Amino acid sequence: MGVDTVAVVDEASGRRWLPSGETTVRLLTWSARLVGLLAVLSVLLPAGGRRPLRAAVGRWLDLPEGAGIAAGTVVLASGVLLWLLANALRRRKRRAWQVAVVVTAAIAVAHLAWRHGIGSGVTALGLCVALLATRKHFTAGVDPVYGKWRAVRVAVELLVAGFLAVFVMLRGAPARLTGDADLTDTGVHSLLALIGVSGPVHPVAWLDDLTAATGLVFGVGAVLLGAYYLLRSAEPKPGLAPDDETALRALLAKRGRDDSLGYFALRRDKSVVFSPTGKSAVPFRVLAGVALASGDPLGDIEAWPGAIERFLAECRAHAWTPAAIGCSERGATVWTRYDLDAIELGDEAIVDVPTFSLDGRAMRGVRQAVAKLKRAGYEVTVRRSADIPEDEREALATLAEKWRGTETERGFSMALSRVCDQEDPDCVLVTATRQGEVTGLLQFVPWGPDGLSLDLMRRDRSVGDNGLNELMITDLLTSCRALGIDRVSLNFAVFRAALERGGRIGAGPVARLWARALKLGSRWWQIETLYKFNAKFSPDWAPRFLVFPAVRDLPRVALAAMEAEGFGGRPPALLRALNR
């Protein structure tokens, strides 16, 4: 879809104007759901409220009974498929429009041979005409990776498998159970079983039910999986082109101090779109049909609208759901001008270096842990990556990978996904050693010329001494003055405000219940643990937001965000099956 379909914001009034045909598309979406529901009900409910489905068979137009049953099956399957198509229509997918036209026409034609529930056929015909008249609004492209041939292949594979399964069951059964049917009758029966229709073979009741159920399962599976591959949104292979990375580094050199998450745009599993002037950019990754941006747009804030509009145009062109994770309050404010919504996701812990001190009662626990480890012989070294010899950097990267073990690599909005890389000379590496052996490693990325953001926190888990991370962070903070650093961003604490509110005296029942749920979730996702760890350093809290189109899109966006951050999402086995 071209840029002219993107939401336009009137800067004087702040009013957002909907894309061309948006109201029409929404109306067609709900109409598709209604027509699909009517088609299903016309099969499942009595005709005209008086006769059941079997009684209606006699009303067919001079057609054999098998044809009537097949028509009913077509109406039922088409109604279900049309309901599933509605969401794709809402996202203006061109292929969804094509399939919807075929499905609505199939429902209408099936009702010509079947007078049962004729109202469903009329409404389907009306929707088909409306879709044809509004073709210009459905312009989102198809998946360039999979496309229609993958859909055809999967559907054919399932249909063939279903045919063979029924055929083998019938031929393998004793003749007394199947009436000694010949090969031709068995083949016809196996084909008809794929649409739930009985064929010329007359097996015993239990075998007839088994073969009919088996065939119908494979037939429905072929339709649904074929439709999935036909309609799935493009999910391009992630990768940051060298020219794009160079342009991003230029933007960071000019405006890198604006956002503590800016440097993470250089992750090489992200894509990026730039504003027409090249002064701003939106980095993102596509997962499960969601184009997930991270942090605020890079570059000049006056050029943000241009980059956002290009990003939204890209989303519309491929039917992606736009979303942004980890936006600052300023960034979320700009995003919401484009008919998007925002919720507070958590808080970023930012330590003000000039005022940081280990003195005072509040820092007593950290102070004691640091002193204990220093007495045990631990030493900490703080260096820029450029100042570390190449062989040592390679050794540290190997240790970091070893300490990660078999766990999923976590992080998207606040992780660089590489350690001690020669392309990141300004990163700061903090290492803890004991008797010359490295036991812990922290990596911080630049936040402009005078700031750092925590990227990586790894340690040797065979070392049982507690407080190692506290030791490395406090030594970094005391070394920041020599590095010209005034501010350091630590871990992101998800739902920090909710945990804090739920723990206050006098908190309401809803706040307490939500806090308890978050503490329960901390058993798997370290929600409370990260909050308490960050709070040890008395940081300032900066809220971060999740931006999404509408509440109905929130589950999809949450799934994509969890998968990107490494906290769940689609299981690897499922991804391998779907991407085979």
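An α-helix has 3.6 residues a turn, so residues three or four places apart point the same way. H9 covers residues 205-231, and its 27 residues reach 38 Å from first to last C-alpha, close to the expected 39 Å (1.5 Å times one less than the number of residues). Helices (H or I, at least four residues) and strands (E, at least two) are DSSP runs numbered from the N terminus.

The model is predicted, with local features requiring pLDDT of at least 70 and side-chain atom pairs pLDDT 80 or more, while totals for chains, interfaces and linings use all residues. Residues are numbered from 1 along each chain as its sequence is written, and side-chain values use heavy atoms, leaving out hydrogens and water.

The structure holds 6 aromatic pairs (Phe, Tyr or six-membered Trp rings with centres within 6.5 Å; planes under 30 degrees apart are stacked, over 60 edge-to-face, the rest tilted), including these two.

| Pair | Centre distance | Plane angle | Class |
|---|---|---|---|
| Phe 284 and Trp 320 | 6.1 Å | 50 degrees | tilted |
| Phe 311 and Trp 335 | 5.6 Å | 85 degrees | edge-to-face |

Phe 311 belongs to helix H11 and Trp 335 to helix H12, so their pair ties together parts 24 residues apart in sequence. Phe 284, Phe 311, Trp 320 and Trp 335 form one aromatic cluster; Phe 311 is buried at 0% relative accessibility, and Trp 335 at 1%.

How values were computed: Buried means under 20% relative accessible area, exposed over 50%, partly exposed in between (1.4 Å probe, protein chains only).
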